[in-house]
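Let's walk through this model together, from the overall fold down to single side chains. Have the structure open and follow along.

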Amino acid sequence: MEIFSTLDTLQSFLLQFGIWTPLAFFLLQLLQIIIAPIPGGTIGLVGGALFGTIGGFLISAAGTITGSIIVFVLAKRFGRPFVVRFVSPELIEKYDHIKESKLNTVLFLIFLFPLFPDDMLCFIAGLSTMPLKTFILIVLLARTPSVFINTMIGAGIMDDSPTQFIIAVAIYAVLIAVLYFNRKRLDTFIKHSKTIVAELPPTAQN
């Protein structure tokens with residue numbers, strides 16, 4: 001994991017692939033959705049540094065969306081035995097029993113705001129009855145904004161563009177502030193939804 005220690009080391013690692021650097025970056029962005037120790041935030045920053053805001057965003061978004069879909073489909077196909085290899089039982093227990101009618105909203109909010117374990121939620125969403133089309137729509141709408149902001153920050157740092165960097169950081173700060181003041185509310189909502197499902201008779205939960 002030494003290549004992820006700094007932006008420079010990760011950038012040097014990717015540049016060694018020459019003309020295949022965009023493909024290597026795409027695959028790395030895809031894999032970080034599946035493999036938890038790979039830091040997605042650092043990868044996104046390097047995308048902005050290497051390919052600029054627009055190019056970095058397009059490749060990062062493609063990798064993030066593709067990785068999210070792969071995880072969701074694999075979880076659908078292989079079920080809980082597959083998911084528990086990647087997600088802690090505590091996290092599965094926390095989100096697994098959210099009412100299906102509320103899952104779309106919860107998933108959208110978690111994907112939209114930073115600091116939540118959004119990659120792990122792709123696995124857990126695959127255990128639900130959510131259709132693939134719905135999941136893809138949520139990923140497109142909720143995950144791409146943070147990818148874009150992260151890319152902007154990376155491009156601003158490496159291109160010495162303080163205005164772009166400040167704008168991106170300001171947007172992130174607003175998202176984090178909104179999350180901070182509403183996180184307890186969302187956690188309460190999740191726990192309340194879980195309690196309601198647990199109290200329903202078995203036939204009503206299916």
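What follows goes from the fold to a helix, then to charges, rings and the surface.

A word on ground rules: this is a predicted model, so local features need pLDDT of at least 70 and side-chain atom pairs count only at pLDDT 80 or more, while totals for chains, interfaces and linings use all residues. Residues are numbered from 1 along each chain as its sequence is written, and side-chain values use heavy atoms, with hydrogens and water left out.

Start with the fold. The chain has ten helices and zero strands, where helices (H or I, at least four residues) and strands (E, at least two) are DSSP runs numbered from the N terminus. Of its 206 residues, 44% count as buried. Buried means under 20% relative accessible area, exposed means over 50%, and partly exposed is in between, with a 1.4 Å probe and protein chains only.

The background is simple: an α-helix has 3.6 residues a turn, so residues three or four places apart point the same way.

Arg143 lies in the loop between helix 7 (132–142) and helix 8 (144–158) and Asp119 in helix 6 (residues 118–125), so the pair ties together parts that are 24 residues apart in sequence. The structure holds one salt bridge, meaning a side-chain nitrogen of Lys or Arg within 4 Å of a carboxyl oxygen of Asp or Glu. Arg143 and Asp119 are both buried. The charged end of Arg143 also sits over the ring of Phe111, 5.0 Å from its centre (the cut-offs are NZ of Lys or CZ of Arg within 6 Å of the ring centre and within 35 degrees of the ring normal).

Now for the rings. The whole structure has nine aromatic pairs: rings of Phe, Tyr and Trp (its six-membered ring) pair if their centres lie within 6.5 Å, with planes under 30 degrees apart called stacked, over 60 edge-to-face and the rest tilted. Phe13 and Phe17 are edge-to-face, at 5.4 Å centre to centre and 85° between the planes. Phe86 and Phe123 have their centres 5.0 Å apart and their planes at 20°, so this pair is stacked. Phe86 is in the loop between helix 3 (40–83) and helix 4 (89–95) and Phe123 in helix 6, so the pair ties together parts 37 residues apart in sequence. Phe86 is partly exposed at 33% relative accessibility, whereas Phe123 is buried at 0%. Ring pairs link Phe86 and Phe123 with Phe78 and Phe82 into a cluster.

Finally, look at the surface. Phe17 returns here: with Ile19, Trp20, Leu23 and Leu27 it forms a nonpolar patch of about 550 Å² of accessible area together. Patch members have over 30% relative accessible area and no salt bridge, with like charges joined within 9 Å and nonpolar side chains (Val, Leu, Ile, Met, Phe, Trp, Tyr) within 5 Å; accessible areas come from the Shrake-Rupley method with a 1.4 Å probe, and for residues only the protein chains shown count as cover. Ile19, in the loop between helix 1 (7–15) and helix 2 (21–34), is exposed at 75% relative accessible area.
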